[in-house]
Amino acid sequence: MPDELRVTPPRARILAAARDLFHRRGLRGVGVDAIAEAAGTNKMTLYRHFESKDELIVAYLRGVAAEADAIWQAIERDNPDDPQAQLKSWLKCAEDCISVDGRGCDLANAAVELTEAGHPARRLIEEMKNEQRGRLAKLCRRAGIAKSEVLADTLTLLLEGARVSRQAAGTNGPSAKFVSTAETVIETFKAKPKGASLRKRVR
C-alpha cells in the first residue's frame, strides 16, 4: 500500500476511491470490490463504515454537494458585497465545470442511473439541485434583476444543457458558447421593457 494511503483513515480512502470511480465509470459500473481495492482495503472494512453500496452513494453525493458549497463560499469571499461580480464569478466557475470535465454533473448523472423512486439518494439529489438553484436566484435578486427566479431557472437549464452537450458534441459544440450565451440572457433580463420610461413620465 502506498505511504499516502497508510496515513489516510479507511473511511476517507473509501470515499475518495468511490468519488473517483463513480465519477469516471458511473454508479452501476462500479462494484464494492473495485472500490475496496482502489482504497487499499477490503470489503469487510468497507461495510464496517458503510452498511451498503447505497449508503456509500449517498455519502459520495453529499461530498459532491460539499464541493459545490465550497465554490459558492469562495465566490462570496472573493467578491464581498458585490453581487454583480459574484454573478460573473459564478459564470466563470460554471464554464470551468463544463470545459474541464467532460463527464458532466455528478448529481445529474446519478439521477439518470438511480431509477428507483424510493432510492435514498433520489430525494437528496433533488434537495441539492433545488438548493443550488435557490442560491442562484438569491444572487440574481441581489444583483438587482427583477425576474430573478425566472433568470435562475434559465441559467440553470442553460448550464445543465451545456454539460450534457459537452458530453455529446465535444468541446467545440454549443457548450463552448456557454458564457457568451449566458451573458446575453442576463443582459436581456436587465433590460427595461420598451415604453417603461415613457409610462413613468406620463404618471
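Author: Start with D81, which is exposed, with a relative accessible area of 76%. The model is a predicted one.

Reader: What makes D81 count as exposed?

Author: The cut-off for exposed is over 50% relative accessible area. D81 has 76%, so the residue counts as exposed. D81 sits in the loop between α5 and α6.

Reader: What is the phi of D81?

Author: Phi of D81 is near 55°. That is a positive value in a residue other than glycine.

Reader: Why is L157 called exposed?

Author: Again, exposed means over 50%. L157 has 63% relative accessibility, so L157 counts as exposed. L157 belongs to helix α9, residues 148–169. Between the C-alpha atoms of L157 and E183 there are 14 Å in space. In sequence these two residues are 26 apart.

Reader: How much of the chain is buried?

Author: Of its 203 residues, 35% count as buried. The cut-off for buried is under 20% relative accessible area. The accessible surface of the chain is about 12,000 Å². Carbon and sulfur atoms hold 54% of that surface.

Reader: Which elements make up the chain?

Author: The chain has eleven helices and zero strands. From the N terminus on, the elements run α-α-α-α-α-α-α-α-α-α-α.

Reader: How does the radius of gyration of the chain stand against a compact globule?

Author: A compact globule of 203 residues would have a radius of gyration near 17 Å. The chain has 21 Å. Along the principal axes, the C-alpha atoms fill a box of roughly 75 × 35 × 35 Å.

Reader: What share of the contacts joins residues 24 or more positions apart?

Author: Such pairs make up 64% of the contacts with a separation of 6 or more.

Reader: Now the helix pairs. How are two packed helices described?

Author: By the angle between their axes and the distance between the axes.

Reader: Why are α2 and α5 called roughly perpendicular?

Author: Angles of 65 to 115 degrees count as roughly perpendicular. Helix α2 (residues 10–25) and helix α5 (residues 53–78) pack at about 85°. So α2 and α5 are roughly perpendicular to each other. Their axes are 10 Å apart.

Reader: Which residues of α2 and α5 meet?

Author: From α2 come I14, L15, A18, R19, F22 and H23. From α5 come K53, L56, I57, A59, Y60, V64 and E67. By class, this contact of α2 with α5 has nine nonpolar, one polar and three charged residues.

Reader: What makes α5 and α8 roughly parallel?

Author: Angles under 35 degrees count as roughly parallel. The axes of α5 and helix α8 (residues 120–142) cross at roughly 10°. So α5 and α8 are roughly parallel to each other. Their axes come within 9 Å. The α5 side of the contact includes D54, I57, L61 and W72. The α8 side includes P120, L124, M128 and L139. By class, the contact of α5 with α8 has 13 nonpolar, one polar and five charged residues.

Reader: Where does S89 lie, and what does S89 touch?

Author: S89 lies in helix α6, residues 83–100. Leaving out residues up to four places away in sequence, S89 touches I75 and N79. Touching here means heavy atoms within 4.5 Å. The C-alpha atoms of S89 and A74 are separated by 9.5 Å. Along the chain, S89 and A74 are 15 residues apart.

Notes:
Residues numbered from 1 in each chain as written. Predicted model: local features only at pLDDT ≥ 70, side-chain atom pairs only at ≥ 80, totals over all residues. Heavy atoms only, no water. Axes fitted to C-alpha atoms, helices over the stretch in contact; angles between N-to-C directions. Helix = DSSP H or I, 4+ residues; strand = E, 2+ residues; numbered from the N terminus. Parallel < 35°, antiparallel > 145°, perpendicular 65-115°, else oblique. Nonpolar A, V, L, I, M, F, W, Y, C, P; charged D, E, K, R; others polar. Rg over C-alpha atoms; globule rule 2.2 N^0.38 Å. Buried < 20%, exposed > 50% of the residue type's maximum accessible area, 1.4 Å probe, protein only. Areas by Shrake-Rupley, 256 points an atom, 1.4 Å probe, with all protein chains shown as cover.
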